[in-house]
Amino acid sequence: MTSSPLVRTSALAAPVLLFGYGALRLIDGLDGRHDKGAWMWNTGHVMFFAAMLLLGGLAVGGRRMLPFRDFRNRLAANLAVIGTLAGMVSFLWVIAGDLAPSFADAAPLAGPLQVLGPAVFQLGLLTLLVQLVRAHRLPAWSPVAVLFAFLMIAVTLDLIPVAAALLLAGLLPLRGRGAGLSGSGPRLARG
């Protein structure tokens, strides 16, 4: 099974947009504060919003790349995509509130969802990537790189550019022919 144009585009564009958000966030904070509503804040958050949408699309497209031999694997993939999308929605909700404080005031995301949403997003995406490894569509180090990207963000939001580079490294094989993603490329050897 080959990756779709959405997966190939998302694997590159989402980390690049996340890097842009992180870089703008760092620059905006050089004076010790973030200017909410200023152009760097708004531009960065729009980039973050787009990156999250693309990662949701990558999850949906990545699920389509999986060969299913049994109900358990299909269920795990479906739950991974549902988790990724549910977590994505919580991210988008918070980002929309950061861009439009009146939205945040009118419809705040419940406190537990602010923690649970990102965790479910990360768990869902990592589960899907591990399934792609098991299906020989990704190298084994790919979900490890993505996990380290997530851990970097958990340490401090100032590491978002570094996390974006790790995310790019982890997702880039989804664009390539050497990762068993193309009918003409070789499949990864079992290891």
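Mentor: Gladly! Let us start with burial: buried means under 20% relative accessible area, exposed over 50%, and partly exposed in between, with a 1.4 Å probe and protein chains only. This is a predicted model, where local features need pLDDT of at least 70, side-chain atom pairs count only at pLDDT 80 or more, and totals for chains, interfaces and linings use all residues. Residues are numbered from 1 along each chain as its sequence is written, and side-chain values use heavy atoms, leaving out hydrogens and water.

Trainee: What makes Arg25 buried or exposed?

Mentor: Arg25 has a relative accessible area of 18%. Buried means under 20%, so Arg25 is buried.

Trainee: Why is the pair of Arg25 and Asp158 called a salt bridge?

Mentor: A salt bridge needs a side-chain nitrogen of Lys or Arg within 4 Å of a carboxyl oxygen of Asp or Glu. The closest N and O atoms of Arg25 and Asp158 are 3.0 Å apart, and the pair forms a salt bridge. Arg25 lies in helix H1 (residues 5–28) and Asp158 in the loop between helix H6 (141–155) and helix H7 (160–171), so the pair ties together parts 133 residues apart in sequence. Helices here are DSSP runs (H or I, at least four residues), numbered from the N terminus.

Trainee: How many salt bridges does the structure hold?

Mentor: There are two. Arg33 and Asp35 also meet in one, at 2.2 Å from N to O. Asp35 counts as partly exposed, at 22% relative accessibility.

Trainee: How do you know whether H1 and H7 are roughly parallel or antiparallel?

Mentor: Their axes come within 8 Å and cross at roughly 175°. Axes are lines fitted to C-alpha atoms, for helices over the stretch in contact, with angles from 0 to 180 degrees between N-to-C directions. Angles under 35 degrees count as roughly parallel, over 145 as roughly antiparallel, 65 to 115 as roughly perpendicular and the rest as oblique. H1 and H7 are therefore roughly antiparallel.

Trainee: Which residues of H7 are buried?

Mentor: They are Ile160, Pro161, Ala163, Ala164, Leu167, Gly170 and Leu171. These buried residues pack against H1, helix H2 (39–64), helix H5 (111–134) and H6. In H6 you will find Ser142, which touches Gly170 and Leu171, not counting residues up to four places away in sequence; contact means heavy atoms within 4.5 Å.

Trainee: And what makes Ser142 buried or exposed?

Mentor: Its relative accessible area is 0%, so Ser142 is buried.

Key
Helix = DSSP H or I, 4+ residues; strand = E, 2+ residues; numbered from the N terminus.
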